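Here is a chain to get to know through a few plain questions. Have a look, then read on.

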Amino acid sequence: MADLHTWSGTPTEAETELMAERMRLYIFPNEISTEEQQEAFDKAVQFQIVHEKSQSAKIRNMPEGMTGFKIGDFSMDFEEGVNGSGLTRRNICPAAYSVLLRAELLYRGLEGRACL
């Protein structure tokens with residue numbers, strides 16, 4: 001399924017700061033060490049904010065990962081890890097993942113390869 005971003009607002013400073021912390025945890029143990037990596041990281045943060053806002057807008061329809069729905073005494077079930085606050089390969093924006101991967105900010109052992 002295509003990763004279509006429908007939200008077009010401007011993220012607040014607080015949203016950006018909170019997402020940057022979540023993104024730092026996602027790339028851990030790698031550290032940003034070059035200007036190019038910082039630019040990629042900042043871009044990935046913005047992509048992820050827009051991605052999550054777009055996903056929230058979809059809740060009005062049927063959410064991705066829903067495994068059950070009940071109307072009497074309302075009940076809804078989600079696959080494990082779908083709505084957690086931590087970033088995982090399953091819930092990160094594909095564009096953000098691509099930017100981080102190409103900037104060598106993912107996976108242990110890639111840090112510092114840009115200096116070789």
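Predicted model: local features only at pLDDT ≥ 70, side-chain atom pairs only at ≥ 80, totals over all residues.

Q: What makes up the secondary structure of the chain?

A: There are 3 helices and 2 strands, and along the sequence they follow the pattern α-α-β-β-α. Helices (H or I, at least four residues) and strands (E, at least two) are DSSP runs, numbered from the N terminus.

Q: Why is Gln 37 called buried?

A: Buried means under 20% relative accessible area, exposed means over 50%, and partly exposed is in between (1.4 Å probe, protein chains only). Gln 37 has 5% relative accessibility, so it counts as buried. This residue lies in helix H2. Leaving aside residues up to four places away in sequence, Gln 37 touches Glu 31, Ile 32, Ala 103, Glu 104 and Leu 105. A contact here means heavy atoms within 4.5 Å. Of the chain's 116 residues, 29% count as buried.

Q: Which residues have the most contacts inside the largest nonpolar core?

A: They are Met 23, Tyr 26, Phe 41, Val 45, Ile 92 and Leu 100, in a core of 20 residues. Helix H1 (13-27), helix H2 (35-58) and helix H3 (94-102) are the elements that give two or more residues to this core. The term stands for a set of buried Ala, Val, Leu, Ile, Met, Phe, Trp, Tyr and Cys residues joined through side-chain atoms within 4.5 Å. Not counting residues up to four places away in sequence, Tyr 26 touches several residues, among them Ile 92, Tyr 97 and Leu 100.

Q: Why do Glu 15 and Lys 53 count as a salt bridge?

A: A salt bridge is a side-chain nitrogen of Lys or Arg within 4 Å of a carboxyl oxygen of Asp or Glu. Glu 15, at 23% relative accessibility, is partly exposed, and so is Lys 53, at 28%.

Q: How many salt bridges are there by this rule?

A: The count comes to 3. Arg 22 and Glu 52 form one, at 2.9 Å from N to O. Arg 22 lies in helix H1 and Glu 52 in helix H2, so this pair ties together parts that are 30 residues apart in sequence. Glu 21 and Arg 24 form another, their closest N and O atoms being 2.7 Å apart.

Q: What separates Glu 21 and Arg 24 in helix H1?

A: About one helical turn, because they are 3 residues apart. Glu 21 is partly exposed at 48% relative accessibility, and Arg 24 is partly exposed at 39%.

Technical notes:
Residues numbered from 1 in each chain as written. Heavy atoms only, no water.
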